[in-house]
Amino acid sequence: MESSITLQFLAEVPLRQFCWELLKGQDDMLKCKIHSEQNHNAWCEDCQQLIVNVTINHRVAKKFPPSLNYRKAFVKWILNKVESIENDVCEDLYYCYVQLLSETNAEFYYKSHHIPSSEEFIVMQESRNIISGGTTGLVSWKGGMLLAEWMLFNKELFSGTFLLELGSGCGFTGLVVLKGTDVSHYTFTDCHQTVLSLLKQNIDVNQISSERYTIAEHVWGKLDDCRDFMPDYVLAADVVFDPDLVSDLVISIACFMNQSKQKTVFMAITERNPQTYKCFLHELDAHKLKYRDLDTSKVPRLFYYDKNEHIHLLKVKAATS
Ligand SMILES: C[S@@+](CC[C@H](N)C(=O)[O-])C[C@H]1O[C@@H](n2cnc3c(N)ncnc32)[C@H](O)[C@@H]1O
Ligand SMILES: [Zn+2]
């Protein structure tokens, strides 16, 4: 079993939210009695060494390293804690820090997310610039994470199905679903070339068999791009963010929904701007689509993301069905 420190480190949980509390009781990795029973983090040298082993030197971090800034901040944070109470610093921790100082920043880095049911990691290559190259698709958004959690929780519904996702971005939801459920086929769509090529790299890194997925370019509102697809269900996450795109987005939702066998779209939407969300619901009404907010309170939260903003999980259907 992986340590909770490893899981948080690989997912780049911000240090201010990092939960060392979990060490107590859950993490039996700490060697010494003081640091496994007490909950303060002025670690002894043995414990520092173990922390290095399960983070910077973990096999996944070696192959798919988190961003250089994150790794530096992580090591510096521990150094500061240890030095502030004048404990000895373990040699390996210094060595790591010096190594990190000589590394140069790359545009892309990795975040790895653990799926407990399959004991697998989903490895996501992402870009440092949240909105880079004119797209929002080079990082994973929390709507995509909630949608993935909800789908794992309801995996029987998707067993053997064909799914199509609008605005897949770099692919988090689809990769979790392909790894963690037995869907037959997943079609990823997006409009942006850099996003589509990052998506392909992420699919390859996670070793998804080519028979199980399709990548298609689709620009919302361009109905010619929709013709060939007949999924069972349609999915989308965090695609409601720009009021100027809402109208075209709903045209695509209506079109794919009509072609889908279950005439159903599942969407996760982080409500950042209530006006934009309202405008989206209004557009669904105008297309005679009905929608319902699904209860997500019982969905196990498997991934690390900020849960303060409300994320709607909407089930959208044609008003007549
Ligand atoms: C905020 S990101 C969400 C990505 C992913 N679903 C997630 O949850 O991480 C929105 C995605 O929609 C795509 N997108 C934006 N405008 C689009 C359009 N007009 N047609 C198709 N895709 C679009 C972007 O390229 C980006 O990948
Ligand atoms: Zn200790």
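Modeller: Residues are numbered from 1 along each chain as its sequence is written, and chains are lettered from A and ligands numbered from 1 in the order in which they are written. In this predicted model, local features need pLDDT of at least 70 and side-chain atom pairs count only at pLDDT 80 or more, while totals for chains, interfaces and linings use all residues.

Biologist: What makes S3 largely enclosed by the rest of the structure?

Modeller: A residue is buried if 20 or more other C-beta atoms, placed from the backbone, lie within 10 Å of its own; it is exposed at 12 or fewer, and partly exposed in between. In S3, 4 of the 5 residues are buried, so the strand is largely enclosed.

Biologist: How do you know that S3 pairs with S6 and S4?

Modeller: Strands are DSSP runs of E, at least two residues, and helices are runs of H or I, at least four, numbered from the N terminus. Two strands pair if DSSP finds at least two bridges between them. S3 (residues 162–166) has 4 bridges to S6 (residues 233–237). S3 also has 4 bridges to S4. Both pairs therefore meet the rule. Each pair runs parallel. Leu 163 stands opposite Tyr 233 in S6, and Leu 164 stands opposite Thr 187 in S4.

Biologist: Why are S5 and S8 called edge strands?

Modeller: The open sheet has 7 strands in the order S5-S4-S3-S6-S7-S9-S8, with mixed pairing. S5 (213–217) and S8 (289–293) each pair on one side only. The twist averages 20 degrees from one strand to the next.

Biologist: What is the angle between H6 and H7?

Modeller: Axes are lines fitted to C-alpha atoms, for helices over the stretch in contact, and angles run from 0 to 180 degrees between N-to-C directions. H6 (residues 68–84) and H7 (residues 91–101) pack at about 145 degrees, with axes 10 Å apart. Their contact divides into 8 nonpolar, no polar and 3 charged residues. Here Ala, Val, Leu, Ile, Met, Phe, Trp, Tyr, Cys and Pro count as nonpolar, Asp, Glu, Lys and Arg as charged, and the others, Gly among them, as polar.

Biologist: How many residues surround ligand 1?

Modeller: A residue is near a molecule if its C-beta atom, placed from the backbone, lies within 6 Å of it. For ligand 1, 24 residues form the surroundings, with Cys 191 and Gly 137 among the closest. The shell holds 10 nonpolar, 11 polar and 3 charged residues. H8 (142–153) and H11 (243–259) each supply at least two residues.
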